[in-house]
Amino acid sequence: MVTALAIMGMMSTANAQDTVEGTVSADIVSRYIWRGQALSDAAIQPSAGLSYKGFSLSGWASIGIVSPGSENKEYDLTLSYSTGGLNIGVTDYYFSTPGAANEYFEYRAHHTQHTFEANVGYDFGPLAIQWYTNFAGADGVNKSGKRAYSSYFAISAPFKLATCDWQATFGAVPYATSFYSDATGFAVTNLSLRCTKEIPVTKNWGIPVFLEGICNPSTKKGYIVAGVTFALPE
């Protein structure tokens, strides 16, 4: 459930490199909205990753800063691979919930707080498509009360306008699952438009700030999210 990467699972480099590369960054956001769902108020979201020859391993977290003792904390690990425009990946989402046992190494069905998701996507340049499906761990259920293998797909289009970087996203849940705001069938859950502008600090390094408008037609809710990204210069 990543905010710093435009979409979780797409952290891989487009071209394979011959040396190991590392990234370290942190977002501070006014609210944590994931695929059209509100998960927390203001949060800090650090991330770090390593990439080599198209493979990448990254860690990401979201920690509420308004009421840290009463909000969920999230810790994610993603292993992905990209070649050309194609990317595939697997993510382990872990949620630390106030009042729960929060045993990280508890993986038993119906007890674990991990959710495992696979993703595949292709970046065509002016348009990118991603598909995500939960395949293990804590998942939602369908109308029959069985594991839903909850899925989500997104179509995003980046563009430049007025010296800013923009990204428009259409996201939807294809079938019934309680994992996504109790979707009872096909549901459009995320219509968003993000504007990012980099504030120069040095000649070769700046700090991106962004503002995003998000609408969830399924729940009839809308959000405005502001954020800033701090990353170590390359």
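In this report, two residues are in contact when they have heavy atoms within 4.5 Å of each other. By that rule, among contacts in the chain between residues at least 6 apart in sequence, 45% join residues at least 24 apart.

The structure is a predicted model, in which local features need pLDDT of at least 70 and side-chain atom pairs count only at pLDDT 80 or more, while totals for chains, interfaces and linings use all residues. Residues are numbered from 1 along each chain as its sequence is written, and side-chain values use heavy atoms, with hydrogens and water left out.

**Confidence**

pLDDT is the predictor's confidence in each residue, on a scale from 0 to 100. Its mean over the chain is 91, and 92% of the residues reach 70 or more. Over residues 3–14 pLDDT stays under 50, and for this stretch the model has 43 contacts beyond four places in sequence. Where pLDDT is low, the predicted coordinates should not be read in detail.

**Overall form**

The chain has zero helices and 14 strands. Helices (H or I, at least four residues) and strands (E, at least two) are DSSP runs, numbered from the N terminus. From the N terminus on, the elements run β-β-β-β-β-β-β-β-β-β-β-β-β-β.

Along its principal axes the C-alpha trace spans about 55 × 40 × 40 Å. The radius of gyration, taken over C-alpha atoms, is compared with a globule rule of 2.2 Å times the number of residues to the power 0.38. A compact globule of 234 residues would have a value near 17 Å, and the 18 Å of the chain agrees with this.

The accessible surface of the chain comes to about 12,100 Å², of which 64% belongs to carbon and sulfur atoms. Accessible areas come from the Shrake-Rupley method with a 1.4 Å probe, and for residues only the protein chains shown count as cover. A residue is called buried under 20% relative accessible area, exposed over 50%, and partly exposed in between (1.4 Å probe, protein chains only). Of the 234 residues, 44% count as buried.

Two strands pair if DSSP finds at least two bridges between them.

| Strands | Sense | Bridges |
|---|---|---|
| β9 (residues 128–137) and β10 (residues 151–161) | antiparallel | six |
| β10 and β11 (residues 164–173) | antiparallel | nine |
| β11 and β12 (residues 187–202) | antiparallel | nine |

Thr169 in turn has Ser192 in β12 as its bridge partner.

β10 and β11 form a hairpin with two residues between them, and Ala162 in the turn has a positive phi of about 55°.

**Positive phi in two loops**

Tyr149 lies in the loop between β9 and β10. Its phi is positive, about 45°, although Tyr149 is not a glycine. Tyr149 counts as partly exposed because its relative accessibility is 43%.

Lys220 lies in the loop between β13 (205–216) and β14 (221–231). Phi of Lys220 is near 60°, again a positive value in a residue other than glycine. At 77% relative accessibility, Lys220 counts as exposed.

Ser62 is placed in strand β5 (residues 55–64) and, with a relative accessible area of 3%, is buried. Leaving aside neighbours within four places in sequence, Ser62 is in contact with Tyr32, Ala43, Ile44, Gln45, Asn72, Lys73 and Glu74. With one of these, Gln45, the side chain of Ser62 also makes a side-chain polar contact of 3.2 Å. A polar contact is a pair of N or O atoms within 3.5 Å; within protein, one must be able to donate a hydrogen and the other to accept it, and residues adjacent in sequence count only if both atoms are side-chain atoms. Phe105 is 43 residues from Ser62 along the chain, and their C-alpha atoms are separated by 19 Å.

Thr78 sits in strand β6 (residues 73–83). Thr78 is buried, with a relative accessible area of 2%. The side chains of Thr78 and Thr91 make a polar contact of 2.8 Å.
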